[in-house]
Amino acid sequence: MRADGAPAAQRGGGSPHRAGDRATGLGRAESLERVAEWPLPPRLIALRNELRRGLDAKVRGLQQPLDQLIRRTVQSPLLTSTGACLLQPLQRAHTGEFSWSNRWYESQLVPWIAHYDALRRVAGVVFTAEQLRQWELWATVAASCHWWWPAEHVCVVSERPVALHTEVSGDEGQVRLHHADGPALRYADGWALHSWHGTRVPAWVIAGPTAERIAAETNVEVRRCAIERLGWPEYVEQAGLRLVGTAPDPGNPGSELRLYDMRGRRRCSSR
């Protein structure tokens, strides 16, 4: 706590992973897995829910079709993108069981904030002065930091990433993590995540995939990503695969299934 009695904010060294280390030092009762049970988060969640109910009640008449359009084209794509991009580092911040449905984390997501901003700007919904003040507080926090954990006398705050690489993955502009030349997500403290078309992978998949490393990998999805990163021709050559037969791929018109023999084991690919 600061000298003036106000709660202090602890920066977590950059990443949610480092912030999680600090948060777990607050005490067993305040472990990240139980953040929704801490004294402050339920109060903040209740205030957020009251604000949303009040704003929803203002949507009437011709504003209702716009409300549904905003939910479909703004809120829903942002929710999908947030889950695809920010869920992975949050999972790593937890040492125990993690639930994405945790109400405290849901309250920090930007989709609901963007939804009401669009209602105000596009649909002409008029906020009261107090509603606007509360909404701006949530919007300011969302724009200023990443995940945060408020205890009674200290708030642990993680920084926003310094690098974020994504690709479009939906018709409404949804994005997911992807970077073929390095970490897809990186923080100032050096902590990073690698991702191949939305699938989290070890660093070697991006930096140096080889047939030997692929053969030793037990996770099927990681193996698939590593082969794609290496490229099928190079993988076939490195692994010493022998083509056994081909057939049209019924699930991908214009492509073919290829069956390879690898030292007595059969492996199928679609090309």
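**Aromatic rings and charges**

The charged end of R48 lies over the ring of W112, at 5.3 Å from the ring centre, where a charge sits over a ring if NZ of Lys or CZ of Arg is within 6 Å of the ring centre and within 35 degrees of the ring normal. This is a predicted model, in which local features need pLDDT of at least 70 and side-chain atom pairs count only at pLDDT 80 or more, while totals for chains, interfaces and linings use all residues. Residues are numbered from 1 along each chain as its sequence is written, and side-chain values use heavy atoms, with hydrogens and water left out.

R120 likewise has its charged end over the ring of W135, 5.0 Å from the centre. W112 also belongs to one aromatic cluster together with Y116 and W138.

Rings of Phe, Tyr and Trp (its six-membered ring) pair if their centres lie within 6.5 Å, with planes under 30 degrees apart counted as stacked, over 60 as edge-to-face and the rest as tilted. By this rule there are six aromatic pairs. One of them joins Y105 and W147, whose ring centres are 5.6 Å apart and whose planes meet at 85°, so the pair is edge-to-face. Y105 is buried at 1% relative accessibility, and W147 is buried at 2%, buried meaning under 20% relative accessible area (1.4 Å probe, protein chains only).

W232 and Y235 form an edge-to-face pair, 5.7 Å centre to centre with 85° between the planes. Y235 is buried, at 1% relative accessibility.

Definitions and conventions
Buried < 20%, exposed > 50% of the residue type's maximum accessible area, 1.4 Å probe, protein only.
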